[in-house]
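I opened the model to look up how its strands pair and what surrounds the ligand. My notes follow.

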Amino acid sequence: MTIDTRDPSELHVPVLLDRCLELLAPAASREGAVLVDATLGMGGHSEALLSAHPGLTLIGLDRDTEALALAGKRLERFGDRAIRVHAVYDEIAEAVRGAGFERIDGVLFDLGVSSLQLDEADRGFAYAQDAPLDMRMDQSRGETAAEVLQTAPEGRLRAIFERYGEEPLAGRYARAIVAARAEAPIERSGQLVDVLQQATPAAVRDQRHPAKRVFQALRIEVNGELSVLERAIPAALDLLNLGGRAVIMSYQSLEDRLVKRELTKRSRSTAPAGLPVELPEHRPEFRLLTRGAELADDAERARNPRAIPVRLRAAERARDVR
Ligand SMILES: C[S@@+](CC[C@H](N)C(=O)[O-])C[C@H]1O[C@@H](n2cnc3c(N)ncnc32)[C@H](O)[C@@H]1O
(Lines give C-alpha, C1' and ligand atoms only; values in the text may rest on other atoms or scores of the structure.)
Protein backbone atom coordinates (compact mmCIF):
# COMPACT_ATOMS: atom_id res chain seq x y z
CA MET A 1 0.00 0.00 0.00
CA THR A 2 1.32 3.48 -0.81
CA ILE A 3 0.81 6.22 1.74
CA ASP A 4 -0.58 9.47 0.35
CA THR A 5 1.73 12.22 1.59
CA ARG A 6 0.04 15.15 -0.15
CA ASP A 7 -1.08 18.02 2.07
CA PRO A 8 -4.80 18.59 1.33
CA SER A 9 -4.62 22.23 2.46
CA GLU A 10 -2.24 22.95 -0.42
CA LEU A 11 -4.32 21.13 -3.04
CA HIS A 12 -7.52 23.12 -3.01
CA VAL A 13 -8.19 26.70 -1.94
CA PRO A 14 -11.78 26.93 -0.65
CA VAL A 15 -13.92 29.37 -2.65
CA LEU A 16 -15.87 32.21 -0.93
CA LEU A 17 -14.85 30.76 2.42
CA ASP A 18 -15.63 33.81 4.58
CA ARG A 19 -19.05 34.27 3.00
CA CYS A 20 -19.92 30.59 3.48
CA LEU A 21 -18.88 30.81 7.14
CA GLU A 22 -20.94 33.96 7.63
CA LEU A 23 -24.06 32.50 6.00
CA LEU A 24 -23.84 29.20 7.86
CA ALA A 25 -22.88 30.65 11.27
CA PRO A 26 -26.44 31.06 12.67
CA ALA A 27 -27.16 27.41 11.86
CA ALA A 28 -23.76 25.95 12.75
CA SER A 29 -23.60 27.67 16.16
CA ARG A 30 -26.86 26.18 17.45
CA GLU A 31 -26.60 23.74 20.31
CA GLY A 32 -26.03 20.23 18.95
CA ALA A 33 -25.90 21.54 15.37
CA VAL A 34 -25.48 19.06 12.53
CA LEU A 35 -24.30 20.24 9.15
CA VAL A 36 -23.74 18.37 5.90
CA ASP A 37 -20.91 19.29 3.56
CA ALA A 38 -22.31 17.54 0.49
CA THR A 39 -19.08 18.05 -1.47
CA LEU A 40 -16.34 17.47 1.08
CA GLY A 41 -13.47 17.54 -1.45
CA MET A 42 -10.24 18.45 0.31
CA GLY A 43 -12.24 19.44 3.39
CA GLY A 44 -11.36 23.14 3.24
CA HIS A 45 -14.82 24.50 4.04
CA SER A 46 -15.46 21.70 6.55
CA GLU A 47 -12.25 22.34 8.45
CA ALA A 48 -13.07 26.03 8.80
CA LEU A 49 -16.64 25.29 9.96
CA LEU A 50 -15.53 22.71 12.53
CA SER A 51 -12.83 25.08 13.85
CA ALA A 52 -15.28 27.97 14.16
CA HIS A 53 -18.03 25.96 15.91
CA PRO A 54 -16.81 23.66 18.71
CA GLY A 55 -20.27 22.11 19.21
CA LEU A 56 -20.81 21.27 15.55
CA THR A 57 -21.04 17.78 14.08
CA LEU A 58 -20.29 17.71 10.36
CA ILE A 59 -21.18 14.96 7.91
CA GLY A 60 -19.00 15.22 4.81
CA LEU A 61 -20.01 13.41 1.62
CA ASP A 62 -17.93 12.76 -1.46
CA ARG A 63 -18.23 10.29 -4.31
CA ASP A 64 -14.45 10.35 -4.79
CA THR A 65 -12.67 7.99 -2.38
CA GLU A 66 -9.34 9.75 -2.92
CA ALA A 67 -10.85 13.08 -1.84
CA LEU A 68 -12.40 11.39 1.22
CA ALA A 69 -9.05 9.94 2.25
CA LEU A 70 -7.24 13.27 1.90
CA ALA A 71 -9.99 15.16 3.74
CA GLY A 72 -9.74 12.50 6.46
CA LYS A 73 -6.17 13.59 7.21
CA ARG A 74 -7.23 17.21 7.43
CA LEU A 75 -10.22 16.55 9.71
CA GLU A 76 -8.60 13.90 11.94
CA ARG A 77 -8.16 16.29 14.86
CA PHE A 78 -11.92 16.83 15.12
CA GLY A 79 -12.47 13.17 16.06
CA ASP A 80 -16.07 11.99 15.80
CA ARG A 81 -17.36 15.53 15.15
CA ALA A 82 -16.27 14.92 11.53
CA ILE A 83 -18.06 12.02 9.88
CA ARG A 84 -17.01 11.13 6.32
CA VAL A 85 -19.32 9.17 4.03
CA HIS A 86 -18.62 7.77 0.57
CA ALA A 87 -21.84 8.73 -1.20
CA VAL A 88 -23.29 10.55 -4.17
CA TYR A 89 -25.02 13.64 -2.82
CA ASP A 90 -28.51 12.61 -3.88
CA GLU A 91 -28.08 9.93 -1.18
CA ILE A 92 -27.94 12.70 1.45
CA ALA A 93 -31.00 11.52 3.42
CA GLU A 94 -29.61 7.97 3.72
CA ALA A 95 -26.18 9.33 4.71
CA VAL A 96 -27.69 11.54 7.44
CA ARG A 97 -29.78 8.66 8.80
CA GLY A 98 -26.77 6.35 8.59
CA ALA A 99 -24.85 8.81 10.78
CA GLY A 100 -27.64 8.64 13.36
CA PHE A 101 -29.55 11.88 12.64
CA GLU A 102 -33.01 12.69 11.29
CA ARG A 103 -32.68 16.40 10.46
CA ILE A 104 -29.88 18.86 9.87
CA ASP A 105 -29.24 22.55 10.53
CA GLY A 106 -27.24 23.39 7.46
CA VAL A 107 -25.97 22.12 4.15
CA LEU A 108 -23.18 23.27 1.87
CA PHE A 109 -22.75 22.35 -1.79
CA ASP A 110 -19.51 23.41 -3.52
CA LEU A 111 -20.25 21.84 -6.88
CA GLY A 112 -18.03 20.55 -9.64
CA VAL A 113 -14.58 19.13 -9.73
CA SER A 114 -11.87 19.76 -7.17
CA SER A 115 -8.42 21.07 -7.98
CA LEU A 116 -7.15 17.60 -7.06
CA GLN A 117 -9.24 16.01 -9.81
CA LEU A 118 -8.23 18.65 -12.35
CA ASP A 119 -4.57 18.44 -11.48
CA GLU A 120 -4.36 14.67 -11.48
CA ALA A 121 -2.85 13.83 -14.80
CA ASP A 122 -4.28 10.31 -14.95
CA ARG A 123 -8.01 11.10 -14.67
CA GLY A 124 -8.59 12.94 -17.94
CA PHE A 125 -10.61 15.92 -16.62
CA ALA A 126 -8.28 18.56 -18.06
CA TYR A 127 -7.92 19.18 -21.76
CA ALA A 128 -4.54 20.80 -21.20
CA GLN A 129 -2.98 17.51 -20.04
CA ASP A 130 -2.74 14.33 -22.07
CA ALA A 131 -4.21 11.47 -20.02
CA PRO A 132 -6.54 8.47 -20.34
CA LEU A 133 -10.11 9.77 -20.80
CA ASP A 134 -11.70 8.53 -17.57
CA MET A 135 -13.46 11.58 -15.97
CA ARG A 136 -15.36 9.50 -13.38
CA MET A 137 -15.35 11.18 -9.97
CA ASP A 138 -16.09 7.76 -8.46
CA GLN A 139 -13.70 5.45 -10.25
CA SER A 140 -15.37 2.35 -8.83
CA ARG A 141 -18.47 2.56 -11.02
CA GLY A 142 -19.91 3.77 -14.32
CA GLU A 143 -18.77 4.31 -17.89
CA THR A 144 -15.58 6.27 -18.59
CA ALA A 145 -15.50 9.19 -21.03
CA ALA A 146 -13.52 7.01 -23.48
CA GLU A 147 -16.31 4.39 -23.38
CA VAL A 148 -18.96 7.05 -24.03
CA LEU A 149 -16.94 8.39 -26.98
CA GLN A 150 -16.50 4.89 -28.37
CA THR A 151 -20.07 3.63 -28.07
CA ALA A 152 -22.51 6.57 -28.18
CA PRO A 153 -24.29 7.07 -31.51
CA GLU A 154 -23.56 10.37 -33.27
CA GLY A 155 -26.95 11.83 -32.26
CA ARG A 156 -26.32 11.16 -28.59
CA LEU A 157 -22.85 12.72 -28.72
CA ARG A 158 -24.35 15.77 -30.37
CA ALA A 159 -27.07 16.01 -27.70
CA ILE A 160 -24.49 15.70 -24.89
CA PHE A 161 -22.36 18.51 -26.34
CA GLU A 162 -25.41 20.70 -26.97
CA ARG A 163 -27.16 20.11 -23.67
CA TYR A 164 -24.27 19.97 -21.22
CA GLY A 165 -21.71 22.08 -23.07
CA GLU A 166 -24.00 24.53 -24.87
CA GLU A 167 -21.53 23.95 -27.71
CA PRO A 168 -22.55 25.66 -30.98
CA LEU A 169 -20.42 23.21 -33.01
CA ALA A 170 -21.94 20.13 -31.35
CA GLY A 171 -23.02 18.46 -34.60
CA ARG A 172 -19.70 19.05 -36.30
CA TYR A 173 -17.77 17.65 -33.31
CA ALA A 174 -20.00 14.59 -33.01
CA ARG A 175 -19.44 13.84 -36.71
CA ALA A 176 -15.67 14.29 -36.38
CA ILE A 177 -15.52 11.94 -33.37
CA VAL A 178 -17.51 9.23 -35.15
CA ALA A 179 -15.17 9.48 -38.17
CA ALA A 180 -12.04 9.42 -35.99
CA ARG A 181 -13.13 6.45 -33.87
CA ALA A 182 -13.71 4.38 -37.01
CA GLU A 183 -9.92 4.64 -37.52
CA ALA A 184 -8.85 4.15 -33.89
CA PRO A 185 -10.53 4.41 -30.46
CA ILE A 186 -10.23 7.84 -28.80
CA GLU A 187 -8.75 6.85 -25.47
CA ARG A 188 -6.69 9.86 -24.40
CA SER A 189 -7.53 13.52 -23.83
CA GLY A 190 -4.76 14.55 -26.24
CA GLN A 191 -6.37 12.51 -29.05
CA LEU A 192 -9.76 14.11 -28.41
CA VAL A 193 -8.24 17.60 -28.38
CA ASP A 194 -6.59 16.87 -31.77
CA VAL A 195 -9.88 15.69 -33.30
CA LEU A 196 -11.70 18.78 -32.03
CA GLN A 197 -8.94 21.16 -33.14
CA GLN A 198 -9.05 19.73 -36.64
CA ALA A 199 -12.84 20.02 -36.81
CA THR A 200 -12.84 23.68 -35.71
CA PRO A 201 -12.78 26.55 -38.22
CA ALA A 202 -9.66 28.70 -37.77
CA ALA A 203 -11.70 31.81 -36.91
CA VAL A 204 -13.33 30.00 -33.96
CA ARG A 205 -10.01 28.47 -32.86
CA ASP A 206 -8.61 31.99 -32.42
CA GLN A 207 -11.41 32.92 -30.01
CA ARG A 208 -11.70 29.94 -27.68
CA HIS A 209 -10.26 26.53 -26.98
CA PRO A 210 -12.39 24.05 -28.95
CA ALA A 211 -12.18 21.43 -26.19
CA LYS A 212 -13.46 23.50 -23.27
CA ARG A 213 -17.20 22.92 -23.67
CA VAL A 214 -16.86 19.35 -24.95
CA PHE A 215 -14.79 18.33 -21.91
CA GLN A 216 -17.32 19.96 -19.58
CA ALA A 217 -20.16 18.17 -21.37
CA LEU A 218 -18.46 14.78 -21.20
CA ARG A 219 -17.73 15.22 -17.48
CA ILE A 220 -21.36 16.11 -16.78
CA GLU A 221 -22.56 13.09 -18.78
CA VAL A 222 -20.10 10.59 -17.26
CA ASN A 223 -21.00 11.63 -13.71
CA GLY A 224 -24.73 12.22 -14.34
CA GLU A 225 -24.11 15.59 -12.68
CA LEU A 226 -27.31 17.46 -13.51
CA SER A 227 -29.76 14.66 -12.81
CA VAL A 228 -28.02 13.91 -9.51
CA LEU A 229 -28.10 17.60 -8.56
CA GLU A 230 -31.76 17.88 -9.53
CA ARG A 231 -32.58 15.20 -6.96
CA ALA A 232 -30.04 16.31 -4.37
CA ILE A 233 -31.12 19.94 -3.84
CA PRO A 234 -34.75 19.15 -2.90
CA ALA A 235 -33.59 16.19 -0.79
CA ALA A 236 -31.17 18.45 1.12
CA LEU A 237 -33.74 21.24 1.61
CA ASP A 238 -36.25 18.71 2.93
CA LEU A 239 -33.82 17.70 5.69
CA LEU A 240 -33.38 21.23 7.08
CA ASN A 241 -34.76 22.16 10.50
CA LEU A 242 -36.66 25.42 10.88
CA GLY A 243 -34.04 28.19 10.57
CA GLY A 244 -31.67 25.72 8.88
CA ARG A 245 -29.58 27.13 6.05
CA ALA A 246 -28.46 25.96 2.61
CA VAL A 247 -25.49 27.48 0.77
CA ILE A 248 -24.91 26.36 -2.80
CA MET A 249 -22.02 27.33 -5.08
CA SER A 250 -22.19 26.52 -8.81
CA TYR A 251 -19.52 26.94 -11.43
CA GLN A 252 -21.49 26.79 -14.64
CA SER A 253 -24.80 28.15 -15.82
CA LEU A 254 -26.64 24.81 -16.14
CA GLU A 255 -26.08 24.03 -12.46
CA ASP A 256 -26.84 27.57 -11.36
CA ARG A 257 -30.12 27.62 -13.30
CA LEU A 258 -31.20 24.43 -11.58
CA VAL A 259 -30.29 25.78 -8.12
CA LYS A 260 -32.02 29.09 -8.80
CA ARG A 261 -35.17 27.34 -9.99
CA GLU A 262 -35.47 25.18 -6.87
CA LEU A 263 -34.69 27.98 -4.38
CA THR A 264 -37.04 30.41 -6.13
CA LYS A 265 -39.85 27.85 -6.21
CA ARG A 266 -39.48 27.10 -2.50
CA SER A 267 -39.36 30.77 -1.51
CA ARG A 268 -42.70 31.67 -3.11
CA SER A 269 -46.02 31.79 -1.35
CA THR A 270 -48.23 28.85 -2.31
CA ALA A 271 -51.45 30.81 -1.74
CA PRO A 272 -53.94 30.31 -4.58
CA ALA A 273 -54.45 33.47 -6.65
CA GLY A 274 -57.20 35.75 -5.33
CA LEU A 275 -57.06 34.60 -1.70
CA PRO A 276 -57.49 37.82 0.40
CA VAL A 277 -55.13 36.75 3.23
CA GLU A 278 -52.13 34.48 3.23
CA LEU A 279 -52.73 31.50 5.50
CA PRO A 280 -49.76 30.22 7.54
CA GLU A 281 -49.61 27.02 5.46
CA HIS A 282 -49.21 29.09 2.31
CA ARG A 283 -46.25 31.11 3.57
CA PRO A 284 -43.01 30.48 1.68
CA GLU A 285 -41.10 27.47 2.91
CA PHE A 286 -37.77 29.27 2.43
CA ARG A 287 -36.40 32.80 2.67
CA LEU A 288 -33.68 33.75 0.19
CA LEU A 289 -30.51 35.02 1.88
CA THR A 290 -28.86 36.20 -1.33
CA ARG A 291 -30.17 38.70 -3.88
CA GLY A 292 -29.47 37.01 -7.19
CA ALA A 293 -26.24 35.06 -7.33
CA GLU A 294 -23.23 36.35 -5.41
CA LEU A 295 -19.82 36.39 -7.09
CA ALA A 296 -16.26 36.39 -5.80
CA ASP A 297 -14.65 39.83 -5.57
CA ASP A 298 -11.72 40.92 -7.73
CA ALA A 299 -9.12 40.15 -5.07
CA GLU A 300 -10.31 36.54 -4.69
CA ARG A 301 -10.61 36.08 -8.46
CA ALA A 302 -7.01 37.27 -8.86
CA ARG A 303 -5.80 34.98 -6.04
CA ASN A 304 -7.76 31.89 -7.03
CA PRO A 305 -8.82 31.40 -10.67
CA ARG A 306 -11.28 28.67 -9.59
CA ALA A 307 -13.36 31.43 -7.98
CA ILE A 308 -13.90 33.26 -11.28
CA PRO A 309 -17.06 31.43 -12.43
CA VAL A 310 -18.61 30.88 -8.96
CA ARG A 311 -22.27 31.75 -8.33
CA LEU A 312 -23.39 31.49 -4.70
CA ARG A 313 -27.04 31.25 -3.61
CA ALA A 314 -28.35 30.68 -0.10
CA ALA A 315 -31.69 30.23 1.66
CA GLU A 316 -33.08 29.61 5.15
CA ARG A 317 -36.03 27.42 6.10
CA ALA A 318 -38.79 29.80 7.18
CA ARG A 319 -41.66 27.32 7.59
CA ASP A 320 -41.66 23.73 8.72
CA VAL A 321 -43.75 21.52 6.51
CA ARG A 322 -43.57 18.33 8.56
C1 LIG B 1 -15.16 21.71 -5.59
S2 LIG B 1 -14.83 20.28 -4.74
C3 LIG B 1 -15.17 20.67 -3.07
C4 LIG B 1 -14.05 21.37 -2.38
C5 LIG B 1 -14.25 21.60 -0.89
N6 LIG B 1 -15.33 22.51 -0.63
C7 LIG B 1 -12.97 22.08 -0.24
O8 LIG B 1 -12.96 23.21 0.27
O9 LIG B 1 -11.98 21.36 -0.25
C10 LIG B 1 -16.18 19.29 -5.15
C11 LIG B 1 -16.14 17.89 -4.60
O12 LIG B 1 -17.45 17.36 -4.76
C13 LIG B 1 -17.36 16.02 -5.15
N14 LIG B 1 -18.59 15.71 -5.89
C15 LIG B 1 -18.96 16.17 -7.10
N16 LIG B 1 -20.15 15.67 -7.45
C17 LIG B 1 -20.54 14.89 -6.40
C18 LIG B 1 -21.70 14.11 -6.15
N19 LIG B 1 -22.68 14.02 -7.05
N20 LIG B 1 -21.80 13.47 -4.98
C21 LIG B 1 -20.80 13.54 -4.04
N22 LIG B 1 -19.67 14.25 -4.24
C23 LIG B 1 -19.55 14.92 -5.40
C24 LIG B 1 -16.12 15.93 -6.01
O25 LIG B 1 -15.62 14.61 -6.01
C26 LIG B 1 -15.19 16.95 -5.33
O27 LIG B 1 -14.33 16.32 -4.43
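How many bridges join strand 1 to strand 4 (residues 104–110)? I counted three, and the two strands run parallel. I took strands (E, at least two residues) and helices (H or I, at least four) as DSSP runs numbered from the N terminus. Two strands pair if DSSP finds at least two bridges between them.

Before going on, I noted the ground rules. This is a predicted model, where local features need pLDDT of at least 70 and side-chain atom pairs count only at pLDDT 80 or more, while totals for chains, interfaces and linings use all residues. Residues are numbered from 1 along each chain as its sequence is written, and side-chain values use heavy atoms, with hydrogens and water left out.

**Strand 1**

I looked up the partner of leucine 35 in strand 4 and found glycine 106. Next I checked the pairing with strand 2 (residues 57–62). Strand 1 pairs with strand 2 in the parallel sense, over four bridges. There, valine 34 stands opposite threonine 57. Strand 1, helix 3 (residues 44–52) and strand 2 form a right-handed β-α-β unit. Right-handed means that, with the strands pointing away from the viewer, the path from the first strand over the helix to the second runs clockwise.

Which way do the side chains of strand 1 (residues 34–37) point? Val34 and Val36 point one way, Leu35 and Asp37 the other. All four are buried. Buried means under 20% relative accessible area (1.4 Å probe, protein chains only).

**Ligand**

I listed 26 residues around the ligand, counting a residue as near if one of its heavy atoms lies within 4 Å. His45, Asp62, Tyr89, Asp110 and Gln117 come nearest. For polar contacts I took pairs of N or O atoms within 3.5 Å. A polar side-chain atom of histidine 45 lies 2.8 Å from a ligand nitrogen atom. A polar backbone atom of methionine 42 is 3.0 Å from a ligand oxygen atom. For glycine 43, the distance from a polar backbone atom to a ligand oxygen atom is 3.2 Å. I also checked cover: the protein covers 99% of the 610 Å² of accessible area that the ligand has on its own. Areas come from the Shrake-Rupley method with a 1.4 Å probe.

**Strand 7**

I moved on to strand 7 (residues 311–317). Six of its seven residues are buried. Strand 5 (residues 240–250) runs antiparallel to strand 7, joined by six bridges. Valine 247 stands opposite alanine 314. Strand 6 (residues 286–288) also pairs with strand 7 in the antiparallel sense, over three bridges. Here leucine 288 stands opposite alanine 315.

Technical notes:
Buried < 20%, exposed > 50% of the residue type's maximum accessible area, 1.4 Å probe, protein only. Polar contact = N/O pair within 3.5 Å; in protein donor to acceptor, adjacent residues only side chain to side chain.
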